[in-house]
Amino acid sequence: MTASNEGSRLIDEMKAQSGQDPADCYQCAKCSAACPVTAAMDLLPHQVIRYLQMGLEEELSNSKTPWICASCFTCAARCPRDLDLARMMEGVRLTVLRKREGNKFGPADLTPEQLEKLPQQALVSGFRKYNK
Amino acid sequence: MPRTGVFLCHCGSNIAGTVNIDQTIEASRNFPGVVHVDEYRYLCSEMGQDIIKKAIEDNNLDRVVVGTCSPRMHENTFRKAAAEAGLNPYLLEVANIREHCSWVHKDMEEGTPKAIALLRAAAAKVALNEALEAPKLEVEKRALVIGGGIAGIQAALDIAEAGYPVDIVEREPSIGGRMAQLEKTFPTLDCSACILTPKMVEAAQHPNINLITYAEVEEVNGFVGQFDVKIKQKARYVDPVKCTGCGICWEKCPAKAPSEFEMGLAKRKSIYVPFAQAVPMVPVIDKETCLYFRKGRCQICEKECPPQAIDYEQQDEIIERRYGAIVVATGFDQMDPSIYGEYGYGQHPDILTGLEFERLFNASGPTGGKVVRLSDGKPPKKVVFIQCVGSRDKARGMNYCSKICCMFTAKQAILLKEKLPDAKSYVFYIDVRTAGKGYEEFQRRAAEEYDVAYLRGQVGKIFPEGDHLVVHGVDSLSGKVVDIKADMVVLSAASIARADAPELGRKIGINTDSYNFFNEAHPKLKPVETHTAGIFIAGACQTPKDIPDTVAQASAAAVKAVGLLSKEMLQGEACTAEVDEAECSGCLHCVAVCPYTAIDAKEIEERYGDGTLKRTVAEVNPALCQGCGSCSAICRSGSINQKGFSNEQILAEVDAICLQR
Amino acid sequence: MRYRYFPGCTLKGQAKNMENTTMAAASALGIELVELEEWQCCGAVYPLYEDELISLLSPVRTLAAAEGEPLVSLCAACHHVLKRAQELMQRNEEARDKVTDYLEIEYKGEGRVLHFLEVLRDDLGFDKLAEMIKKPLEGKKVAAYYGCLLLRPSKVMQFDDPENPTIMEDFIKALGAEVVKSPYRTECCGAYLSVTEEGVARDTVAKILQSARNAGAEALITACPLCRYNLENCAADDGKEPVQVYYFSELLAEALGLQYKQLMAEAKERRRVASDSK
């Protein structure tokens, strides 16, 4: 465990750029109960905030969860602390994507069949979310 | 030239930490009229007061300034000390250098000059102070209790036992309140009715208690010791003297309406008593649903009533009475959880609130005491309780903890297991809060002996699937998603203030907090007092609380009321307004702004040339004036002055602050 | 009633049918949709980090191009991004200055940004719509599928109650069909996860379809091309009669009596291709 209370770049940047402070969360796990895609996650959404509270930056960078989050905003709509978890997830994604060779997904990853059938909207939003 | 003494309090480091005492002392020596300066660590202590008293006597001081905390805290302490040294107490001024200065500044660089300025202003003002006498006021030896729940009943009984007459005004047809709706009480599982009804009866039979049920407070005027109250007695359409409470009328009545007492889960008749043990056992006719009032025919109750107590001609009446003290005990409501769309409350009969579920246990409740699903009448096998529905939720609900839910949920889960040994309860919670005598032990019994599964987490969705309600939640401790096929769901909906609490507060002159609960005068030291002298609060109208706390607070409020009623005379406000009749133009703007109706117009005769001239001027009734200063502020000719806060005194303060720069 | 119309990429491609049916219906209803000239991408996803201003350039350019006239879109994603971008431009002066300076335009967040369903509800009125229906869809059991982007975040989108929306149900009622309410109507379909994590979308879609079918729905309507794609392509074949997925506008055109058969044939063909390729 590498939890630290010392400043973390991810968390400082997240507070500034998302306007969300992980300290506001009291871990009721409403977000995890609301999330429609928890089945594929390795950390539940409330655990992501807990990791943020504990400064577990590296563990978060390696987690699958932020990439499973589809930004459906259900968590934010129901959070009793008025936190926008979708913005916090975006913060974790961006710290990875903004690194050199941080892209998670590109045109080369698509099959010809997908290219033909997927609505244009899916391709553009997929690239926007997983590629910088 | 006055002989003024200035005394500075360190208040430990509260003041001395941000105000340089030495510099302030030195600066104070140079204020006009100051002949003596001193300082002490805690001026409010007996030692500190002695310093002031001795200095007054030794130095022949005729004015005193203390630089301390807010006058709200200790003005009386210091005035009393001054009086003991033979000085008129109104010749002492408080400079608030704590709340107004040291607490709001970060360092001495800002704090010290500010403290000096405030003291200079106080010294300039005190030079113009005059000796004042507070008037003596009579006390009406009767109390009013608003609200007839357990808080109101307890407060009324205590006041009555002390020997004073007390009226209980209750909005519903019967006293009893929320506690009457409960089946059992935690943590002892006493039957709620068994412990409440004797108190209801005692209140009704007490020679000093007068019940005014089905009535509301309309208007409150006056002040401590002499509140003039108008109470609207709603028409019952039943003569309470003739009525024997036999019940034939509501048995025969053909019209129905949802029962408020049963939270809408059952019907009552249009002529009804809310519940079987109602006090008084006198029904009322609900005009909205009564066939006679709606369509002009029926009158079955009138025909059937053996003592002929039905009276369709009855009218609302206004009762006017004077009271010395008022206890407000108007209770709480349960939040409507239907805004939480994910829980589906209101869309499925098996999703209930805590108070609704409570009624299912009651032998005279909507299911005759059988705990069954309202959808199909079958006993539930799995019941899911969800905590904090609307509590601790700053986004969609209330930011506070409702305090009673953890405990009533444990109670209901235990009762369920006792009624239906095959049933299994699940409780989704954020934190279990069980501070209270025997509470933690009780909640642990639910988990350990009654097989109640506590899941730390919340619920994201509830939806019907076949015969069941699927509850989709999360247990945060294991990090697992949980799907429970439940038969019933119980939502611990937040306890909230009555919607009309702010309106009642305005009528009686007490204020509410941001949640509409009534404000106490001090969160620790004056928990039952309000900012209005003579008005006290008790029970869940102040903040959510359980029965033991409510009863304790009600008794506390009663003691405060009795303390007031037991006084022969009250000291009134010395700093009242006075009119300079020579200057007054008779515009009477002051009459319009006075919140205490203390100002009237008066005709005076003046000599004018050879004859006399009649003209109108304002006149202040010092018994009614509370010294708020509104009249003085609005007076165009400056002819109303408030004693102790005259225009000259205030300008002297302003000058002292402005001219030093 | 005149509106500027922003189609977005998918409406000219995979979701051509939503545009065609909407255009036909709009003209039958007296609603004029004037397509923006030289429009470009809406931005696809709304940037959730304050410094991602670059992603706002394209939606703000679009918003400004409407020149203060009400701007209507059909695709839920386009509407979501445009509406939120507009709200940010109104709320955050610093972001607005940066974006508009870069674009060298004047824009202060004015004008209404509407989804076509809002035009039907708020400007035309569902009562009026019901009067204009020529072939009511009597007996057809239709469930609404809202998805995420129209509803959330509700403070910004102001589309409907995010937990208990009614606009699509009221729309279905206006068409004369029977409303079926399914508990999963506001849950996410999996969105672009079908590109990277198809398994996740299969799970979410299975729940949505199953819950609609359990509620007795024959058809599901959506306003989002990606929802529709997922609902059709990520659905497991369990041998039961599938719940048919339509754009809301397709049923609207049908109820207005416009090219009914041709539209149905096209829809059937699309489903055949989809199931063949599984």
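What follows is a short chat about how some descriptions of this predicted model are reached.

Reader: What makes α5(B) and α18(B) helices, and at what angle do they pack?

Author: Helices are DSSP runs (H or I, at least four residues), numbered from the N terminus. In chain B, α5 covers residues 108-126 and α18 covers residues 647-658, so both carry the name. They pack at about 145°, with axes 8 Å apart; axes are lines fitted to C-alpha atoms over the stretch in contact, and angles run from 0 to 180 degrees between N-to-C directions.

Reader: Which residues make that contact?

Author: Contact needs C-beta atoms, placed from the backbone, within 7 Å. Among the residues that make the contact are A117(B) and R120(B) of α5(B), and Q649(B) and A652(B) of α18(B).

Reader: How do you know where the domains of chain C lie?

Author: Their bounds come from an automatic or database domain assignment, which gives domain 1 (2-115) and domain 2 (132-276). Their centres, taken over C-alpha atoms, are 23 Å apart. Each domain gives 21 residues to the contact. On the side of domain 1 of chain C that touches domain 2, α1 (16-29) and α3 (76-91) each give two or more residues, and α1(C) has the largest share, eight residues.

Methods:
Residues are numbered from 1 along each chain as its sequence is written. Chains are lettered from A and ligands numbered from 1 in the order in which they are written. This is a predicted model: local features need pLDDT of at least 70, side-chain atom pairs count only at pLDDT 80 or more; totals for chains, interfaces and linings use all residues. Two residues are in contact if their C-beta atoms, placed from the backbone, lie within 7 Å.
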